[in-house]
Amino acid sequence: MVNKATIYDELGVSRVINAAGTKTRIGGSLIRPEAVEAMSRAAESFVRLSDLQVRASELISEVTGAEAGYVGSGAAACMTLAAAAAIAGNDLGAMSRLPNTEGIPDEIVMPRTHRNGYDHAFRAAGARIVDVGNNDNYLGTGANSTELWEIANAITEDTVAVGYMQKVYSTPLLEEVVEIAHEHDVPVIVDAAAEVPPRENLSTFIDAGADMVVFSGGKAIRGPQTTGILAGKHEYIRSAALQHLDMHVAESVWEPPTELFDKADLDGVPRQGIGRSLKVGKEEIVGLIAALQSFIEEDQDTLNKEWESRLDIIDNELANLVGVTTRREPGGKLMVAPETYVEIDPETATLDTIELVGSLRKENPRIFVGSDDLLEGGFTINPMCLTDEETEYVTKRIRSYLE
Ligand SMILES: *Cc1c(COP(=O)(O)O)cnc(C)c1O
């Protein structure tokens, strides 16, 4: 693969060898071949997208335990749909006005330490984020960053949901936040975009009582990059569908599938909603269905062994270089896959970490290694998106700078 010309070479665009893991900016993950094949077959004929969403909903419901599911154009898009559902509910007028929320409740309460760049997706629907708590946990005094009473205290008549970013270190615990939110009759939206594997997490947050949970379809599930999963209560999936599906319909013959929503309950046909600009095609929905099916059947142990053996190659080849130390970081907690952490001692090595990582990126093909730890003088190699051949190539290129 390293020497074979790719479509990107043909287009005159530098390809990337990905030793960094599933990062959207360098293409996310590679779609599973089964999903690519399914997408190509999906491209051969037409289908009513609402019918296809019903089929996706069945599968999402089966694997997550949620009442229903929906496919959006990414986890971030699903966050926008979730916020839109929480704000507009069944109100066609509100749906047509979003993101303008004048005169209607629009606040999403979030623990402050859960705030992150992706919450712009909530705000895109018109939500205003009210964050509570602070960073006390990081003072090392034993104090909590967010107390449950602070969440309760922030919930008012203007609150439409509590937002929760799920990571293994997230506090307060989701169960406790759900309890407080439900006591105040507001739903909890969980951003769990990157929290699978483990596969069991597909149902963990629904089990904990979350009303809406989003996952990325284009990370470890390895569906199309432009897919995300929204799993949750029927009432919210219904509202999300009403605000996402194309609504330029002829009312007299419009018969949307009742599994999504019942036309009889509506005052009329909704306008194109806030979700219309987040559309997904039939190919993406079919690709996501195929990928999700493979993901739940995949043998995680075999995959882990493959990943470990790739890292063994790297560890062996880099360990004897002057000024270089390597350390294996196990997967499963903060990270999906195990990684090799490579530390470079600028005093004794031929160049420092930033020069090395920068130079690798300028090569053709570009090589991307994990850059979260640059300031500490290290970088990481993640085996998830590498083939064996690419692993050897990456090792060889790194060695070439450090020998
Ligand atoms: C990746 C990620 C997203 C966005 O997912 P997309 O599928 O790329 O839209 C949102 N939240 C978190 C925490 C993520 O890691």
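Mentor: Ala, Val, Leu, Ile, Met, Phe, Trp, Tyr, Cys and Pro count as nonpolar, Asp, Glu, Lys and Arg as charged, and the others, Gly among them, as polar. The model is predicted: local features need pLDDT of at least 70, side-chain atom pairs count only at pLDDT 80 or more, and totals for chains, interfaces and linings use all residues. Residues are numbered from 1 along each chain as its sequence is written, and side-chain values use heavy atoms, leaving out hydrogens and water.

Trainee: How do the residues of the lining of the second largest pocket divide by class?

Mentor: A pocket is an open set of points on a 1 Å grid over the protein atoms alone, where a 1.4 Å probe fits, with protein on both sides within 12 Å along at least five of seven lines; lining residues have an atom within 4 Å of a point. This pocket holds about 650 Å³, the volume being the space filled by probe spheres set on points joined across faces, edges and corners. Its lining has 21 residues, and Tyr-8, Arg-15, Val-16, Ile-26 and Leu-30 are closest to the centre. By class, the lining has 10 nonpolar, 7 polar and 4 charged residues.

Trainee: Which element gives the most to the lining of the second largest pocket?

Mentor: Elements are DSSP runs numbered from the N terminus, helices being H or I of at least four residues and strands E of at least two. Two or more lining residues come from each of α1 (7–10) and β1 (16–19). With 3 residues, the one that gives the most is β1.

Trainee: Moving to the ligand, which residue has a polar side-chain atom 2.7 Å from an oxygen atom of the ligand?

Mentor: Near the ligand (a heavy atom within 4 Å) are Thr-24, Gly-74, Ala-75, Ala-76, Tyr-118, Asp-191, Ala-193, Ala-194, Ser-216 and Lys-219. Asp-191 has a side-chain N or O atom 2.7 Å from a ligand nitrogen, while Ala-75 places a polar backbone atom 2.8 Å from a ligand oxygen. The side chain asked for, at 2.7 Å from a ligand oxygen, belongs to Ser-216.

Trainee: How much of the area that the ligand exposes when taken alone is buried by the protein?

Mentor: Accessible areas come from the Shrake-Rupley method with a 1.4 Å probe. On its own, the ligand exposes 390 Å². The share that the protein buries is 88%.

Trainee: Which residue has its backbone nitrogen 2.8 Å from a polar atom of the side chain of Asn-116?

Mentor: Asn-116 sits in the loop between β3 (107–111) and α6 (120–124). Its side chain reaches the backbone oxygen of His-114 at 3.1 Å. The backbone nitrogen at 2.8 Å is that of Tyr-118.

Trainee: What is omega for the cis peptide bond that joins Asn-364 and Pro-365?

Mentor: Pro-365 is in the loop between α13 (353–362) and β11 (366–369). Another cis bond runs from Pro-197 to Pro-198, with omega near 5°, and Pro-198 lies in the loop between β6 (188–191) and α9 (201–207). For the bond joining Asn-364 and Pro-365, omega is about 0°.

Trainee: Which residue has a positive phi although it is not a glycine?

Mentor: Look in the loop between α8 (174–183) and β6. There, with phi about 60°, you will find Asp-185.

Conventions:
A polar contact is a pair of N or O atoms within 3.5 Å; within protein, one must be able to donate a hydrogen and the other to accept it, and residues adjacent in sequence count only if both atoms are side-chain atoms.
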